[in-house]
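The following report sets out selected structural features of the model shown below.

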Amino acid sequence: MLRLRRLLPLMALLLSGFLTAQVDQFERLPLPDNEADIQSPKDFLGYRLGERFTEYARSVEYFRYLAEASPRIQLEQYGETYEKRPLIVLTVSDVAHMQRIEEIRQNNLKLVDAYRADRDEVAALAAEHPVINSYSYNIHGNEASSTEAAMQVAYELATTKDPELLSALKQTVNVMFICINPDGRDRYVYWANSVARATGGEEPRDLEHYAPWPNGRTNHYWFDLNRDWIWGVHPESRGHTAHYQKWMPQVHTDYHEQGYDANYFTVPGTTPRNLLLPEAYETWADTFGRANITEFNKKGLSYFTRDRFDFYYPSYGSSYPAVMGGIGMLTEQGGIGGHRAIETEDGYVLTLRQRVYDHYTTSLAQVRAAARNRRALIDYSMMAWNPLSSKAMATAYLIEDDGSEYFGDVVNILLANGVEVERTTEALTASGASYRDGGRVARRTHPAGSVIVSTEQARHLFVNSLLSKDMQIEDSVMYDMSTWSAPLAYNLEAFSFRGPLTVDTEPVTSPMSPEGGVFRVDGNGPAYAYVISWHQRHAPKFLSALWKEGIRVRSAVEGFTADDGTEFSAGSLVVLAGRNLEKEASLDGTMTLLARKYGVRVHRFTTGRMASGNDLASTRNFPVKMPRAALLVEPPFNTYTSGQLYFLFDQETQLPVERIRASILSQTDLPKFGTRYGTADLNDYDVLILPDAGNLDAVFGESGQAALKRWLTAGGTLVAVGSSAEFFTERSGFLKAQKLDRPDRDTSEEAAGLAYGDRTDYYGKKRIPGTALHASVDVSHPLAFGVKGEVYTLKFGSSALTPDASLQSVGRYAAEAEDLLAAGYASADNLDHLAGKTWAGMRTFGRGKIVYFLDNPHYRMFWRGPSRMMQNAVMIVPGM
């Protein structure tokens, strides 16, 4: 390590020589070296920021060094990534503040609930309280310049002697999440450094600008963490959200990069906006944006505002702070794919040094602007946290406990985000609007155990943004999706109210988790069988564990009822002791151990005779065996969809699924995965999973399709999602009998006469941008075991399957167009087109099966209502 550090300056000099060919960006964009006793990044690292990318571990070393050397900085670890990298955050302020930093944090939380406190006490506290100003850097790993910038920002704040900045530190506490996505960052950085040319690689076609799949944008499971702030699917998100809740900053900016041809974006953004936010939000965003551009104007740095980027979806790093009562903002530096330097479309050479400098500049501009507006920003947040400022009409939301663990998932999401949740201890009869029933208001009785979330709390903006059935949309052309309502995503029975509710409740203060165990139904005699209801949250993981233990399992083809009245639905797992005789001595203990480990309720029977329905050993209950499954990945398959499938089976189900590169398959144009180490023939697999894809013709050519048909005929199960599902229809000719419905090309006179400037809005209104649709599910079909008969499916695009007698239509859109839209945006023409069509189904092909999912049933792993269907497709359907 010592030798490496001595060589780094020489290496950096060689690698940076090419940067001096044009204007010397290091001279033009200087980063201060305050000549203090504390080393600058340049001195510590052995190279100037922008000469190369800094490995995450090395940047952490520098941040730890700063925290040890400067009394202005505190470093904490708030979590750990899947790949065991530490997640760290810096708290930076004036020395006097740092000596009482915990008191300041607690005082800020008092301001969150200021509407409940004595006005004079609040005024006295706010008069001297520093504004909490925070940053999230490098949430997309290949947008790597911001962590580089964070080193210089932290150094400047730790060592500055500038009177203005010293004064700003007395007015602010600065919370810096220095790298949200270390796994993705290192994936990109190690590659980028390994391909750097000593002579430079400014040409856009050079290898330096084409990082290999899956690139570094995503985390270990190929997820976009900038969509996960609310849901907390991943440890990175759970960690930084928990720390954010500890502070509840008044100001926050999320740091990003965009394509290298783009100039720097700073707030304000564009439409659509979350119309629940206070009117003053836009003014404050403009205030900080103007602070940034004032600094840019001094250096002649290019920028733009009010275009491209909206903050509508509340689970961004720029919008989450806004619904938490702060000023949430975004910066986007041009640079993705730029490596250390790249020639842009207008002949300008964009350097890593400039990208670092630009982010450094806006970071410090934000500190100064926050300090100048300290009291006004505190007042804004106190107003935003006051429920009397709410624009929403709802006074409360109620979610019934339907017995599924998805109910607990939503409660846990609310608790993790600081929301106050109550649970009823008695039945409640009240008039409310039903989400399932088109918002119809009626007087209903809701059972005890339902949760009530009042909007009379500080996080009312968040509560209304997350739990309302639908959000007002001012513009259908949006950057992301048009709905995210948690009750719809988790397919729960939810209701909203516009008046006071009178019912006895108790607070929910700790996360909900299922309690597992073996329950003896009919005495202590020898076990005849064990039954596991398939609707349980972790039943698939439990099944995977049974398979690993070598235990034989069956799936109940129909529902049945035990003598004690316990009802079991179709799909319930049945483990017959008589079919597992070699496990006789250990079966009871194994079932108990696994049940407790996975939180699954197992019913133990001493008889196989049921009160109604099939007996437990009925031959109609079919064996389910551990599948040999393969998932095709890399282009043309979508990284995000691939990652969701990877996560679903690897983390949540713990079922081994091999990830096979599509390029290995396409090299031979046959379903054989050849490598220099041998081959993995498709015939070695029972199940092949295809994520959403751009062009499957590149993977399955004519001979490949023929071989795939032979594999299906022999008994294989093909599971296809999104556009991959469309491929196995008449569209490609693979299966001409399966019709695919897509809207006809718009040949109207209106479209023909469009002005160029109107085309984006016109065609934007024709697309479906992530919209919740009412759908029904055939729960008697194994593909739908464990799923409710009614679900909300999340729709992107407008394709659907045409129902016919040979297609087993398991999931269908509502039959009438007027009943189809649940939340979000879809044009009347698209609703008419989709009504009654199929979005999930199965076709037999010889002895095999093709499973179609036109809609992703587990989008971003937060749209969970239909997600059991994917596990069924891989684990249950092959055995039916």
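## Aromatic pairs

A search of the whole structure, which is a predicted model, finds 38 aromatic pairs. One of them joins phenylalanine 223 and phenylalanine 647 in an edge-to-face arrangement, with 5.7 Å from centre to centre and 65° between the planes. Phenylalanine 223 belongs to the loop between helix 10 and helix 11 (235-247), whereas phenylalanine 647 belongs to helix 21 (residues 639-653), so the pair ties together parts that lie 424 residues apart in sequence. Phenylalanine 223 is buried, at a relative accessible area of 6%, and phenylalanine 647 also counts as buried, at 6% relative accessibility.

A further pair consists of tryptophan 231 and phenylalanine 862. Because the ring centres are 4.1 Å apart and the planes stand at 5°, this pair is stacked. Distant parts of the chain are linked here as well: tryptophan 231 is in the loop between helix 10 and helix 11, and phenylalanine 862 is in the loop between strand 39 (848-853) and helix 28 (868-875), 631 residues apart. Both tryptophan 231 and phenylalanine 862 are buried.

Which residues do ring pairs link into a cluster? The cluster comprises Tyr82, Trp213, Tyr221, Trp222, Phe223, Tyr646 and Phe647.

## Charges over rings

Two arginine side chains are placed over phenylalanine rings. The charged end of arginine 48 sits over the ring of phenylalanine 26, at 3.9 Å from its centre. Arginine 601 lies over the face of phenylalanine 519, and the distance to the ring centre is 4.0 Å.

Six strands make up an open sheet with mixed pairing, in the order 18-24-19-23-20-25. Strand 18 (517-520) and strand 25 (622-624) stand at the edges; each has a single partner strand, so one side of each is left without a neighbour in the sheet. On average, neighbouring strands of this sheet are turned by 35° against each other, direction ignored.

Helix 20 (residues 587-598) lies across strand 18, strand 19 (529-532), strand 23 (573-576) and strand 24 (601-605), and it runs at about 125° to strand 18.

## Covered helices

Helix 14 (residues 352-372) contains 21 residues and spans 31 Å from its first C-alpha to its last, close to the 30 Å expected at 1.5 Å a residue. Helix 14 is mostly covered, with 20 of its 21 residues buried.

Why is helix 19 (residues 539-548) described as largely enclosed by the rest of the structure? The reason is that 9 of its 10 residues are buried. These are Ala539, Pro540, Lys541, Phe542, Leu543, Ser544, Ala545, Leu546 and Trp547. Just after helix 19, glycine 550 adopts a positive phi of about 75°.

## Arginine 185

Helix 10 (residues 182-194) contains arginine 185. Is this arginine 185 buried or exposed? Its relative accessible area is 0%, so arginine 185 is buried. With neighbours within four places in sequence left aside, arginine 185 is in contact with Thr54, Tyr56, Asn138, Gly141, Ala144, Thr147, Glu148, Cys179 and Gly216.

## Backbone features in loops

Two cis peptide bonds may be noted. The bond from tryptophan 213 to proline 214 is cis, with omega near 5°, and proline 214 lies in the loop between helix 10 and helix 11. Tryptophan 213 is also one of the residues in the ring cluster. The bond from proline 635 to proline 636 is cis as well, with omega near 15°; proline 636 lies in the loop between strand 26 (629-633) and helix 21.

Lysine 84 shows a positive phi of about 70° although it is not a glycine. Lysine 84 is placed in the loop between strand 1 (73-80) and strand 2 (86-93) and is exposed, with a relative accessible area of 59%. Arginine 308, likewise not a glycine, has a positive phi of about 70°. Arginine 308 is found in the loop between strand 7 (303-304) and helix 13 (320-323), and at 44% relative accessibility it counts as partly exposed.

Notes: Residues numbered from 1 in each chain as written. Predicted model: local features only at pLDDT ≥ 70, side-chain atom pairs only at ≥ 80, totals over all residues. Heavy atoms only, no water. Pairing = 2+ DSSP bridges. Helix = DSSP H or I, 4+ residues; strand = E, 2+ residues; numbered from the N terminus. Axes fitted to C-alpha atoms, helices over the stretch in contact; angles between N-to-C directions. Contact = heavy atoms within 4.5 Å. Expected span 1.5 Å × (residues − 1). Buried < 20%, exposed > 50% of the residue type's maximum accessible area, 1.4 Å probe, protein only. Phe/Tyr/Trp six-rings, centres within 6.5 Å; stacked < 30°, edge-to-face > 60°. Lys NZ or Arg CZ within 6 Å of the ring centre and 35° of its normal.
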